Amino acid sequence: MKVLLTGAAGFIGLHTALALLSRGDLVVGVDNLNDYYDISLKEARLKAILAHPNADNFKFVRLDLAEREATEKLFADEKPDTVVHLAAQAGVRYSLENPHAYISSNIVGFTNILEGCRAIQPQHLVYASSSSVYGGNTKLPFSEADPVDKPVSLYAATKKANELMAYTYSHLYGIPTTGLRFFTVYGPWGRPDMAPFLFADAILNRKPIRVFNHGDMMRDFTYIDDIVEGVIRVLDKPATPLVENISVPYKLFNIGNNQPEKLLDFIGYLENAFGVKVEKEFLPMQAGDVKATFADTSALDAWVGFKPNTNLKVGVEKFVAWYQSYYC
């Protein structure tokens, strides 16, 4: 199977590419290698892909998906069987500073992906949504059936818009689409702007850790291997009107560990793994943030027979081992 994988130099993109190559797929990886964070880390991820035994099955294309004509040409040239769209401008807090980047990447770029799919009619489009679409919801756990019409950040609003756009293209053109609402993904090769990296850097440099909402936060931390397993299983089982007995081949799933953890416990696991205790600077809640996330994964389990279950302590230890090998 030939898979078009966007965001291939990203955190989830790297691990997804490796999993697809390991099972023998042809992978066309796309990334614009922007400077939102350290480009050298993105380049190192690409090198990791190219070190895979099946790297001959990997082709890299540097491309900004917001460029309409270039994206049209990509689809026309490659004609993938399936599409895994992970590319996006990520980060809740950065969306407060640079909203236009989110419109360009997450709205314009996604429109071009949908139009590419309209042109070639792939077997399935799987795309990254986010747990941030649940906004200020307080009913836990979060279910796909919950209302998600009150986002608390522009990032969240663009992800909800992606879900609506995908539904429209599934309805109008019969393209099977599945959105995956990822919950606080962590693990080796993660993003430097995310909490595990920020905390790890503070711990190693003996700097205070900034803890928002005075530590009264809970997150459904989900290990990267579980995320990728969910992506692959969902990719292989697109929604269709025939098996769903519905008119629109469209699905949405949470992918989370179904086990919210206290933020201070997560920090404690990091401290123990590094063997260092650090000072904590307790701060108010940040704009655009939420107090707790908790994924109901029963729909995912019912559809593909899988739910994430990596123990947080074990996952943190794996992340720290990688971090020390890469940065120390």
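Colleague: At what angle do helix H1 and helix H2 pack, and are they roughly parallel or roughly antiparallel to each other?
Modeller: In this predicted model, H1 (residues 11–22) and H2 (residues 39–50) have axes 10 Å apart and pack at an angle of about 5°. Angles under 35 degrees count as roughly parallel. The two helices, H1 and H2, are therefore roughly parallel to each other.

Colleague: Which residues make that contact, and how many of them are charged?
Modeller: From H1 the contact takes Phe11, Leu14, Ala17, Leu18 and Leu21, while H2 supplies Arg45, Ala48 and Ile49. By class, the residues of the contact of H1 with H2 divide into seven nonpolar and no polar, and the number that are charged is one.

Colleague: What is the strand order of the open sheet, and which strands stand at the edges?
Modeller: The open sheet has seven strands with parallel pairing, in the order E3-E2-E1-E4-E5-E6-E11. Two of these strands have a single partner strand each, so one side of each is left without a neighbour in the sheet, and the strands at the edges are E3 (58–62) and E11 (250–255).

Colleague: What is the average twist of that sheet, and what angle does the direction of H1 make with that of E1?
Modeller: From one strand to the next, the twist averages 20°. Helix H1 packs on the sheet, where it touches E1, E2 (26–31), E3 and E6 (177–182), and the angle between its direction and that of E1 is about 170°.

Colleague: Which strands pair with E4, and which residues are the bridge partners of His85?
Modeller: Strand E4 pairs with strand E1 (residues 2–6) in the parallel sense over four bridges, and four bridges also join E4 to E5 (residues 124–130), again running parallel. His85 in E4 is the bridge partner of Thr6. In E5, the bridge partner of His85 is Tyr127.

Colleague: Which way do the side chains of E4 point, and are they buried or exposed?
Modeller: In a regular strand the side chains alternate between the two faces of the sheet. In E4 (residues 82–85), Thr82 and Val84 point one way and Val83 and His85 the other way. On either side, all of these residues are buried.

Colleague: How do H3 and H5 pack, and what is the handedness of their crossing?
Modeller: Helix H3 (residues 68–78) and helix H5 (residues 99–120) have axes 9 Å apart and pack at an angle of about 35°. The crossing in which H3 passes H5 is right-handed.

Colleague: At what angle do H5 and H6 cross, and how many residues of each class are in their contact?
Modeller: The axes of H5 and H6 come within 10 Å and cross at roughly 15°, and the helices are therefore roughly parallel to each other. The crossing is right-handed. Among the residues of the contact are Tyr102, Phe110 and Arg118 of H5 and Tyr155, Met165 and Tyr173 of H6. By class, the contact of H5 with H6 has 13 nonpolar, four polar and two charged residues.

Colleague: Which peptide bond is cis, with omega near -5°?
Modeller: The proline concerned, Pro141, is in the loop between E5 and helix H6 (154–173). With omega near -5°, the cis peptide bond is the one from Leu140 to Pro141.

Colleague: What values of phi do Leu33 and Thr184 have, and is each of them buried or partly exposed?
Modeller: Leu33, in the loop between E2 and H2, has a positive phi near 50° although the residue is not glycine. Thr184, in the loop between E6 and strand E7 (185–186), likewise has a positive phi, near 35°. Buried means under 20% relative accessible area. At 6% Leu33 is therefore buried, whereas Thr184, at 21%, is partly exposed.

Colleague: Where is Glu317, and what distance separates its C-alpha atom from that of Ala273?
Modeller: Glu317 is in helix H12 (residues 312–327) and, with a relative accessible area of 39%, is partly exposed. Glu317 and Ala273 are 44 residues apart along the chain, and the distance between their C-alpha atoms is 5.8 Å.

Note on methods
Residues numbered from 1 in each chain as written. Predicted model: local features only at pLDDT ≥ 70, side-chain atom pairs only at ≥ 80, totals over all residues. Heavy atoms only, no water. Axes fitted to C-alpha atoms, helices over the stretch in contact; angles between N-to-C directions. Left-handed = near helix turned anticlockwise from the far one by under 90°. Buried < 20%, exposed > 50% of the residue type's maximum accessible area, 1.4 Å probe, protein only. Pairing = 2+ DSSP bridges. Contact = heavy atoms within 4.5 Å. Parallel < 35°, antiparallel > 145°, perpendicular 65-115°, else oblique. Nonpolar A, V, L, I, M, F, W, Y, C, P; charged D, E, K, R; others polar.
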